[in-house]
Amino acid sequence: MTQPILKSHQLAKRFGQFQALSDVTLTVNPGEVFGFIGPNGAGKSTTIRILLGLIRATGGSATIFGHDVWRDSVAIHQRLAYVPGDVYLWPNLTGGETIDLLLKLNGNAHTTRTDHLIQQFGLDPTKKARTYSKGNRQKVALIAAFSQDADFYIFDEPTSGLDPLNERLFQAAVLKLKAQGKAVLLSSHILSEVERMCDRIAIIREGRIIETGTLAQMRHLTRTEITVTTHRPLAPHQLTGVHAVQAGPQPNQWQFSVDASALASVMTQLSAAGVVALQSTPPTLEDLFMHYYGKE
Ligand SMILES: Nc1ncnc2c1ncn2[C@@H]1O[C@H](COP(=O)(O)OP(=O)(O)OP(=O)(O)O)[C@@H](O)[C@H]1O
Ligand SMILES: [Mg+2]
């Protein structure tokens with residue numbers, strides 16, 4: 001059996017009286033893109049900061065490449081790349097200088113891959129970092145991370161400021177890492193992104209992993225949000241697999257969520273009523289959690 005890249009066991013973290021993490025048990029294997037999802041304040045960034053050796057756990061244990069994340073963080077960081085959600089840069093360095101510095105700090109150099117990434121993400125590397133928008137600051141950190149030759153990449157909500165085009169580029173770059181057999185831990189609020197890319201997912205809530213597994217194992221949790229306007233009257237309440245029905249605001253318009261398993265049959269019924277307009281949105285984490293806990 002191959003050794004896991006990351007292994008944490010009942011990781012816990014207390015800040016004073018506040019128990020931020022109480023039971024975080026995770027395994028990330030080589031070649032795996034692992035999704036880490038959960039609502040605001042659930043403990044994703046705290047977990048990641050422990051894994052990076054920035055703060056110390058108050059309970060449990062965690063290893064990366066078989067090394068203890070607190071004691072051996074220097075050794076671990078030689079093979080690790082990290083991008084936070086809020087990227088702070090040195091305001092007076094240009095984007096290009098920042099990328100080179102970030103690379104150097106990790107013992108890496110600017111390569112043709114770096115140039116290619118700068119071009120791909122459409123970053124102007126000659127501008128001072130203080131003039132960059134949030135998305136451009138994120139690009140700087142992403143370019144530095146993707147041009148490193150690491151074995152494990154940790155991204156903490158890296159696409160929160162990216163436009164759809166750059167989000168795609170990010171996803172393509174992650175899939176390329178996966179194809180090279182690298183491991184990726186991706187914390188994200190964008191469920192569709194996680195769905196598209198991740199082999200396995202862990203859901204964290206109030207400092208505890210409440211669900212972990214493959215997408216196939218979790219599919220029973222997913223629902224699609226539908227907003228539909230039809231020619232003829234519709235009675236969505238009567239359709240199997242339809243939940244949270246709301247009428248309007250327009251005449252003959254409905255909003256509801258549909259179980260993945262019922263989507264095909266619901267679509268057939270909708271088109272029978274003559275679809276004028278239809279919008280479907282993948283479930284948000286909020287929906288997922290409501291669904292998950294509503295059943296208990
Ligand atoms: N240094 C700290 N001192 C006290 N409490 C903290 C500290 N850092 C985090 N917390 C608390 O720990 C909990 C988990 O925070 P964390 O930042 O890990 O959440 P998150 O899952 O990353 O949320 P988000 O999706 O908003 O980024 C929160 O209640 C937060 O207020
Ligand atoms: Mg966070």
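A polar contact here is a pair of N or O atoms within 3.5 Å; within protein, one must be able to donate a hydrogen and the other to accept it, and residues adjacent in sequence count only if both atoms are side-chain atoms. This is a predicted model, with local features needing pLDDT of at least 70 and side-chain atom pairs pLDDT 80 or more, while totals for chains, interfaces and linings use all residues. Side-chain values rest on heavy atoms, with hydrogens and water left out, and residues are numbered from 1 along each chain as its sequence is written.

On to ligand 1. A polar side-chain atom of Thr46 sits 2.6 Å from one of the ligand's oxygen atoms, and for Ser45 the corresponding distance to an oxygen atom is 2.8 Å.

Phe146 and Phe170 make a tilted pair, 5.9 Å between centres and 55° between planes. Phe146 belongs to helix α5 (residues 134–146) and Phe170 to helix α6 (residues 164–179), so the pair ties together parts 24 residues apart in sequence (helices being DSSP runs of H or I, at least four residues, numbered from the N terminus). Tyr153 and Phe155 are stacked instead, at 6.4 Å and 15°. Phe146, Tyr153, Phe155 and Phe170 form one aromatic cluster.

Methods
Chains are lettered from A and ligands numbered from 1 in the order in which they are written. Rings of Phe, Tyr and Trp (its six-membered ring) pair if their centres lie within 6.5 Å; planes under 30 degrees apart count as stacked, over 60 as edge-to-face and the rest as tilted. Helices (H or I, at least four residues) and strands (E, at least two) are DSSP runs, numbered from the N terminus.
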